[in-house]
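Subject: Structure handover

Hi,

As promised, here is the structure for you to open alongside this note. Have a look at it, and then read on for what turned up.

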Amino acid sequence: MIICHILGGLGNQMFQFAAGRALALDREAQLQLDTSGFKGYRLHEGFQLEQAFAGSFHLANELDIQAVLGWQRTRWAQNIVARPAMAPMRKDSLVIEPHFQYWQGIHNTPARCYLKGYWQSEKYFKKHVKTLRSDFGFRLPLSGRNAVLATRIRQCNAVSVHVRRGDYVQNHVTAATHGLCPPDYYQAAAHHVASRVDNPVFFIFSDDMSWARQHLPLPAPVEYVDHNQHAYDDMHLMSLCKHHVIANSSFSWWGAWLNANLHKIVVAPRQWFAVARNTQDLLPADWVAL
């Protein structure tokens with residue numbers, strides 16, 4: 001049995017599940033998800049995988065978690081930081097991501113383990129892309145205004161543009177870690193796409209649409225998608241676009257990845273964090289970093 005710690009917004013949850021799912025397939029083991037960290041969690045929309053996607057997401061209970069870890073969980077254990085030397089372990093069953101870039105050591109972990117980390121690289125699950133695309137098939141069809149918008153997206157050279165601000169602005173700790181993509185990045189990314197795509201139409205997705213309207217004059221027609229209450233509806237619409245300009249956000253990373261078009265152009269910010277961090281394995285090889 002493999003148990004994967006799930007926390008964060010939808011994009012983070014997808015990375016965590018994808019790494020656990022791939023490892024479970026390799027080990028021919030059952031995957032369960034520990035969502036206990038969402039108790040009292042106030043950011044984003046809580047645990048969303050079951051709401052968003054058609055895959056099977058099996059939740060772990062406390063007895064299963066204790067059986068894998070081999071010790072009674074405490075509040076300290078649930079909030080352990082990524083310092084393997086400090087982590088209590090039973091036969092190396094607690095597997096903590098040691099750094100941000102891809103870690104080859106995950107393939108040496110036992111078939112009975114607890115994964116804790118973000119695992120933000122396609123390299124963790126690239127072997128099982130077909131299965132993950134099936135798992136991340138959207139549970140519900142788009143309806144109403146979204147169905148109309150989806151038709152429009154399919155009929156043009158749609159380019160999704162994601163502007164992430166929200167908690168990146170409001171939370172000083174988050175802001176200091178992630179930073180913000182400046183208008184110059186979006187201008188350069190939009191021109192990169194427009195120079196390679198005939199008659200592009202930019203579809204803007206943002207948690208701060210007033211800022212986007214004011215600061216992002218783009219070199220093509222623009223439509224603002226500002227009506228959805230659930231993030232996964234925005235991600236669904238993003239995935240239907242032919243090309244993508246993403247923010248330094250796992251959410252739009254997945255919006256672009258779910259587009260299976262082999263000829264898509266995906267532009268991403270070269271500087272993903274405000275602080276120094278090795279991000280060499282974050283972007284698929286065919287994406288463009290600006």
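A residue is called buried when its relative accessible area is under 20%, and exposed when that value is over 50%. By that cut-off Ser239 counts as buried, because its relative accessibility is 11%. This serine belongs to helix H11. Setting aside neighbours within four places in sequence, Ser239 is in contact with Phe138, Gly255, Leu258 and Asn259.

Before going further, please keep in mind that this is a predicted model. Its mean pLDDT is 89, with 88% of the residues at 70 or more. One stretch to treat separately is residues 78-90, where the pLDDT is below 50. Beyond near neighbours in sequence, that stretch has 27 contacts in the model.

Now to helix H12, which spans residues 250-257. How many of its residues are buried? Eight of the eight are, so H12 is largely enclosed by the rest of the structure. They are Ser250, Phe251, Ser252, Trp253, Trp254, Gly255, Ala256 and Trp257. The cover over them includes helices H1, H5 (129-135) and H11 (231-240), together with strands E5 (157-163), E8 (243-245) and E9 (266-268).

The crossing of H1 past H12 is left-handed. On the H1 side, the contact is made by Leu10, Gly11, Asn12, Met14, Phe15 and Ala18, while H12 brings in Ser250, Phe251, Trp253 and Trp254. Sorted by class, seven of the residues in this contact are nonpolar, three are polar and none is charged.

In soluble globular proteins, nonpolar side chains tend to be buried together. The largest nonpolar core in this model has 61 residues, and those with the most contacts inside it are Leu49, Phe53, Phe125, Phe136, Trp253 and Trp254. Helix H1 (residues 10-27) supplies the largest share of this core, with nine residues. Another core lies apart from it; that one has 22 residues, among them Met209, Trp211, Ala212 and Leu216.

Finally, a closer look at Phe53. Not counting residues up to four places away in sequence, Phe53 touches Leu10, Met14, Asp135, Phe136, Gly137, Phe138, Arg139 and Met235.

Best wishes

Notes
Residues numbered from 1 in each chain as written. Predicted model: local features only at pLDDT ≥ 70, side-chain atom pairs only at ≥ 80, totals over all residues. Heavy atoms only, no water. Core = buried A, V, L, I, M, F, W, Y, C linked by side-chain atoms within 4.5 Å. Buried < 20%, exposed > 50% of the residue type's maximum accessible area, 1.4 Å probe, protein only. Helix = DSSP H or I, 4+ residues; strand = E, 2+ residues; numbered from the N terminus. Contact = heavy atoms within 4.5 Å. pLDDT = per-residue confidence, 0-100. Axes fitted to C-alpha atoms, helices over the stretch in contact; angles between N-to-C directions. Left-handed = near helix turned anticlockwise from the far one by under 90°. Nonpolar A, V, L, I, M, F, W, Y, C, P; charged D, E, K, R; others polar.
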